[in-house]
Amino acid sequence: MTTTRRRVVLVGIGCGDPEHLTLAAVRAIAGLDVLFLVTKDRGDDDELVALRRAVVAAHRPAKSPHREVELRDPPRPWRTAPDYHNAVEGWRAARAKRWERALGNDLVPGETGVFLVWGDPSLYESTLSVVAAVRARGAVEFDLEVVPGVSSLHVLTARHRIPLNRVGGAVQLTPARRLLEAGMPDGIDDVVVVLDPGTTFRSLDPAGLDIYWGAYLGTPDEILMSGPLDEVADAIAGVRAEAKARKGWVFDTYLLRRREATA
């Protein structure tokens with residue numbers, strides 16, 4: 001029986017490598033009617049949009065037409081706002097209003113709309129929260145499906161050929177902002193840092209710490225560096241600055257690992 005309800009699918013696409021998609025992601029892309037392309041307010045993400053289109057081209061039948069709807073993000077006020085959490089909530093609310101209009105106007109009942117989400121939709125990514133908020137409002141009715149993806153932290157550890165966790169140890173995932181405020185957490189020897197606008201690792205006491213760093217993971221521009229933090233921090237900062245100047249943007253993440261004591 002054919003459904004008359006709209007269907008929205010959030011598809012985790014990894015970090016840019018079309019081969020990192022799951023079979024479920026490939027099926028979702030093959031069955032889409034509308035591709036929603038979320039773009040930044042600064043308009044400097046043409047390469048990221050091109051990567052999304054490349055993923056679709058790699059996994060969708062060439063003769064299957066679909067429509068594209070661009071969703072330009074509202075400005076990100078938390079860069080300068082004194083209250084970070086309120087600024088983020090306000091931004092998400094503005095995003096939800098724009099997306100609600102698009103889902104109501106550009107997705108016909110019975111069609112499937114797809115959002116291609118970097119990494120995994122449930123890991124430090126706001127698309128799921130915003131779409132869920134739109135759905136909860138009830139102005140536009142649709143079924144929601146989430147397809148998990150390969151996250152940057154999994155690509156990072158795979159590229160460095162290291163396990164994410166150590167025997168009996170905990171792993172903490174944190175935005176750089178919290179690391180800057182509190183430093184390395186007590187009792188946690190492995191910390192994955194995301195959303196770092198700069199080089200927060202340079203603010204730490206490097207004694208006993210190793211770093212496993214990666215930028216543009218899963219893309220042809222991938223950069224990997226690792227070693228004792230006190231020996232490689234400045235080199236990583238220099239490479240990062242050069243890459244950002246060359247490309248205009250940088251996506252990176254890193255694992256900070258306390259070195260095990262030797263007898």
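Which residue in S7 is the bridge partner of proline 175? I looked this up and found valine 194. I noted that the model is predicted, that local features need pLDDT of at least 70 and side-chain atom pairs 80 or more, while totals for chains, interfaces and linings use all residues. Residues are numbered from 1 along each chain as its sequence is written, and side-chain values use heavy atoms, without hydrogens and water.

**Sheet.** I followed S6 and strand S7 (residues 190-194), which pair in the parallel sense over five bridges; two strands pair if DSSP finds at least two bridges between them. Strands (E, at least two residues) and helices (H or I, at least four) are DSSP runs, numbered from the N terminus. I then traced an open sheet of five strands with mixed pairing, in the order S6-S7-S10-S8-S9. Its edge strands, S6 (171-175) and S9 (223-228), each pair on one side only.

**Helices.** I saw that helix H5 (residues 152-160) packs on the sheet, and that its direction makes about 110° with that of S8. Angles run from 0 to 180 degrees between N-to-C directions, with axes fitted to C-alpha atoms, for helices over the stretch in contact, where contact means heavy atoms within 4.5 Å. Helix H7 (residues 229-247) lies across S8, S9 and S10 and runs at about 160° to S9.

**Core.** I looked up the largest nonpolar core, which has 43 residues, and Leu116 is among those with the most contacts inside it. Such a core joins buried Ala, Val, Leu, Ile, Met, Phe, Trp, Tyr and Cys residues through side-chain atoms within 4.5 Å, and buried means under 20% relative accessible area (1.4 Å probe, protein chains only). Leaving aside neighbours within four places in sequence, leucine 116 is in contact with residues including Val11, Phe36 and Arg52.

Notes:
Buried < 20%, exposed > 50% of the residue type's maximum accessible area, 1.4 Å probe, protein only.
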